[in-house]
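Dear colleague,

I am handing over the structure that we spoke about, and it is placed just below this paragraph. After it you will find an account of what was found, written for someone who is opening the file without any background.

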Amino acid sequence: MSSGVAGECLTTRSALAAALPWLTRHAVVCANGHISRWACALGDRPDQFYMIGSMGLASSIGLGIALVAPERPVCVIDGDGNLLMNLGSLAMVGALAPQRFLHLVLDNGAYASTGNQATISRRVALEEIARAAGYRCTARVRDAEALVEWLGRFAVASGPALLLIETVPDDGGPAPRIPLATRALAARMQAALTAGNSSARAERS
Amino acid sequence: MTPGEELAAGLVGAGFDFFTGVPCSLVASLITALEPRGYVAETREDAALGLAAGAALGGRRPVVIMQNSGLGVSLNALGSLQQIYRLPCLLIVTWRGHQGKDAPEHLVMGRAMPQLLDAFEIAWRPIALRTLAADVGWAADEIARSPRALALVVPPGVLE
């Protein structure tokens, strides 16, 4: 739909730092690799799920949550490598069209966890594929100002929505590994999703 | 009642409440019976496992239906999602290549499937028409006792 204005380049870390405060009402599913690690380090919450393996499936997991908890906003924080591995998921989300589904794609053009080998994302407009697949709202941004502007627009729009966020590699090392056991991650997410969302929302607001 | 309808009713009666997968002719009657119960047609078997994981995080008891060719597609998801997060997931996997009698593309997986399921610590049993209720009961009890992926394997002829 539009591009962000010129500004300071985003990284995985700075994009998450800008986006996470907008997602406090969402059930969040984070793709494996640096995305999960930074999301955990910057703003861990019980209703934020970190996928440590099963690369490609973050959007499928988020769609599953959206199908069984349609009243709950769901945000998938994906990467370009993850999404390219499971492009069929764009078709599934577009076809089933959950209205409160927000798909953020942190596109650094690389498989960061394995040494920044290039993906093909710089030559493929993933947000246009999403739009063709049936996402109602899509945009591409390149800086924090545009990121926040579009998160604000999507907060009041009917989804599914996809925001492609162009990033550059972070300076320095990645965030620490997720300090929680996988069983504990699943158990707390199940508790958060099945306990009734109103009290959780009130607690955080 | 077709065998597929009987199995579908057994699954619902045992508490399974989210259905997705990719079709195989051996379970066509089951999928037909589950469509009115919200069966979600997925694009790939591993994506169906992702969908099922999300449903399980939302408190559901999911079932994922697939041909055993799709088990090959699914192994990473099973090993790095369902099994380590201990998410309940009943697989209903058809046994193409059963006893070496099938089209060539099914023979390698038909032979390897039992060892693959065992290697991924996925408890499984083949179903038969006369034991359907007991087979579903076993799966429901095992998943309730210890949430993880389990498999009911469907040989040719059982649900057709």
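Please keep in mind throughout that this is a predicted model.

I begin with a pair of strands in chain A, where strand 3 (residues 74-79) and strand 4 (residues 101-107) run in the parallel sense and are joined over six bridges. One of the places where you can see this pairing is A:Val74, whose bridge partner in strand 4 of chain A is A:Phe101.

Among the buried residues are A:Gly62, A:Ile65 and A:Val68.

Helix 3 of chain A packs against helix 5 (residues 88-96) of chain A at an angle of about 20 degrees, and their axes are 9 Å apart. Because an angle under 35 degrees counts as roughly parallel, helix 3 and helix 5 of chain A are described as roughly parallel to each other. The crossing in which helix 3 passes helix 5 of chain A is left-handed. On the side of helix 3 of chain A, the contact is made by A:Ser59, A:Ser60, A:Leu63 and A:Leu67, while helix 5 of chain A brings A:Ser89, A:Met92, A:Val93 and A:Leu96. Sorted by class, this contact between helix 3 and helix 5 of chain A holds five nonpolar and three polar residues, with no charged residues.

Finally, there is the meeting of the two chains, in which 25 residues of chain B are in contact with 26 residues of chain A. Helix 3 (45-57) and helix 4 (68-85) of chain B each supply at least two residues of the side of chain B that touches chain A, and helix 3 of chain B gives the most to that side, with nine residues. The class make-up of the side of chain B that touches chain A is 13 nonpolar, seven polar and five charged residues.

With best regards

Conventions. Residues are numbered from 1 along each chain as its sequence is written. Chains are lettered from A and ligands numbered from 1 in the order in which they are written. This is a predicted model: local features need pLDDT of at least 70, side-chain atom pairs count only at pLDDT 80 or more; totals for chains, interfaces and linings use all residues. Two strands pair if DSSP finds at least two bridges between them. Helices (H or I, at least four residues) and strands (E, at least two) are DSSP runs, numbered from the N terminus. Two residues are in contact if their C-beta atoms, placed from the backbone, lie within 7 Å. Ala, Val, Leu, Ile, Met, Phe, Trp, Tyr, Cys and Pro count as nonpolar, Asp, Glu, Lys and Arg as charged, and the others, Gly among them, as polar. A residue is buried if 20 or more other C-beta atoms lie within 10 Å of its own, exposed if 12 or fewer, and partly exposed in between; C-beta atoms are placed from the backbone. Axes are lines fitted to C-alpha atoms, for helices over the stretch in contact, and angles run from 0 to 180 degrees between N-to-C directions. Angles under 35 degrees count as roughly parallel, over 145 as roughly antiparallel, 65 to 115 as roughly perpendicular and the rest as oblique. A crossing is left-handed if the near helix is turned anticlockwise from the far one by less than a right angle, and right-handed if clockwise.
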